[in-house]
Amino acid sequence: MTIHLKFGAKDYSSKELVILAAFSKKEQKEAKEELIIPHWKKGYPEAFHKIISSKNFVGKAGEHFIFHLDDGQTVLALGLGEKKKYNAEVLRRKIASIYKILKSNSTDVSVDVDSFILGTHLDKTIYTITEALIMASYNYIKHKSSPTSPVLQNIYLDSKEKKKSSYEQAFENALITANSVNFGRDLVNDPPNLLNSETMAKEVEKDAKKLKHVKIKILNKAEIKKENMNLFLSVNAGSNYEPRLVHLTYTPPKSNAKTKHICLVGKGLTFDTGGYSLKQAMANMKYDMAGAATVYSAFKAAVECNSPNKITCILGMTDNAIGPTATMPDSIFKGRNGKTVEILNTDAEGRLVLADCLDYACDINPDVIIDAATLTGAVLVALGDEICGLMGNNDKLVAKLEESAKKMDEYIWRLPIIPEFHEDIKSPIADLKNIGGSRNAGSAKAAAFLENFIKNDIAWAHLDIAGVADSQSYLDYCPKKGASGLMIRTLAHYLTTNV
Ligand code: BES
Ligand code: ZN
Ligand code: ZN
């Protein structure tokens, strides 16, 4: 599918089908809903009203109505609901849902973008429609022997307005960001027999080589040993594969001493069996590298969108496997920062990998560190599958991330890290233990653990994406099953703004 942006056109680019916006109006609570037709092209409202059944279409969100013009063109009126409730998320969801219907029965489709305008912002409208189409078109089919390809070939975003560079920029940025979301989804959906720490590092390297102003360094097992990352290595102890630490640095061409430096850190567990603390339900634990996929995809988007910030990306990759050399519960290991950890549960492995990666990140001395990880099942208990857990040591950074999430219509909610949680993860025989005394507040206690590996008062935030990274069946622009790619857009927004 190719999306084309067209300005100043008198006619729609597709002679086959055009999508027009329709809204509903309800004067009072008890009143019946009425249809509002925004600026449809001359002749279209008349053709619509001529059809007797059109009176039943009132433009409610989720409804659509199809009618035909004399010249053979089909028109699809897409219901968006009440105008006062209309926003980017309504548009994103409705465009995605109609795409899924049209992809198998139309070849060329025009979207009258002017009819969908969000307030007075044509750039935001173009951005939202474009990202919705790209995200909705995602399909993980590479292992199907006879995949069905969509019929839909061309989508024209037609506007009467004159071309402006800000519109084109919005279009380009939406394409970049949504394609990065799809890249991240592919990584997460790849199965663990194909995607392990070694192949994942290669896959990321291959992609990162295409990015401008990016330096790549990949640490192998010996180099990770040299860094004294024994907590990271303890997770890798039972693995058939070497661990990998992927270290990417983007330096914007116009950087100077004032340029902000953001460091991303991602949990890249290509499979989590739980280790000797074996998981009872381990199906789908291939998605335990979603933290690494998320931060890399956000990095990729930010670099391609020419972010003004310097960005480092640290990905800690291994699987958590079982075998004669796997770490036994009760083991004590010393982390890169010198703190000792009693590993009471080998299934609480993500925090061990992150601990050493966070300490490594602190030594780079960025202004900000943000990690993302499918860290705890407890975040699903606290916030459901729909909301990302946010924790951190810096109110300003937390507020900025909340703002980015709001701008991108992704749900995020802060959980507090209190001194008592720090007490709970102290070990009687080592500095720390890797689980708290109870299951309660599991996500924030995991974050308290991570905080022990942040030094020099660096502003740090942690995203627990265990809930949101997987199947989001309520979102039309996400696949019903499999990687969602959520939080990539939020992070990409944060990375490309002035922080
Ligand atoms: N990768 C899991 C987190 C997870 C669990 C995500 C279930 C989605 C569903 C993580 O490594 C883990 O196993 N965490 C444990 C921690 C516990 C042992 C303190 C958990 O959440 O059960
Ligand atoms: Zn685990
Ligand atoms: Zn895990």
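This is a predicted model: local features need pLDDT of at least 70, side-chain atom pairs count only at pLDDT 80 or more; totals for chains, interfaces and linings use all residues.
Residues are numbered from 1 along each chain as its sequence is written, ligands are numbered from 1 in the order in which they are written, and side-chain values use heavy atoms, with hydrogens and water left out.

**Exercise 1.** Find out which residues coordinate the zinc ion (ligand 3).

Start with the donors, meaning N, O and S atoms within 2.8 Å of the metal (3.2 Å for Na, K and Ca); water is not among the atoms, so sites may look incomplete. At 2.0 to 2.5 Å you'll find Lys267 (NZ), Asp272 (OD), Asp288 (OD) and Glu349 (OE). Next, read along the chain: their spacing is K-x4-D-x15-D-x60-E.

**Exercise 2.** Now list the protein donors of the zinc ion (ligand 2) and spot the bridge.

Along the chain, that gives D-x74-D-x1-E. As for the bridge, Asp272 links the zinc ion (ligand 2) to the zinc ion (ligand 3), 3.2 Å apart.

**Exercise 3.** Are Lys267, Asp272 and Glu349 buried or exposed?

First, the cut-offs: buried is under 20% relative accessible area, exposed over 50%, partly exposed in between (1.4 Å probe, protein chains only). Lys267 and Asp272 are both buried. Glu349 counts as buried because its relative accessibility is 1%. Asp347, at 22% relative accessibility, is partly exposed.
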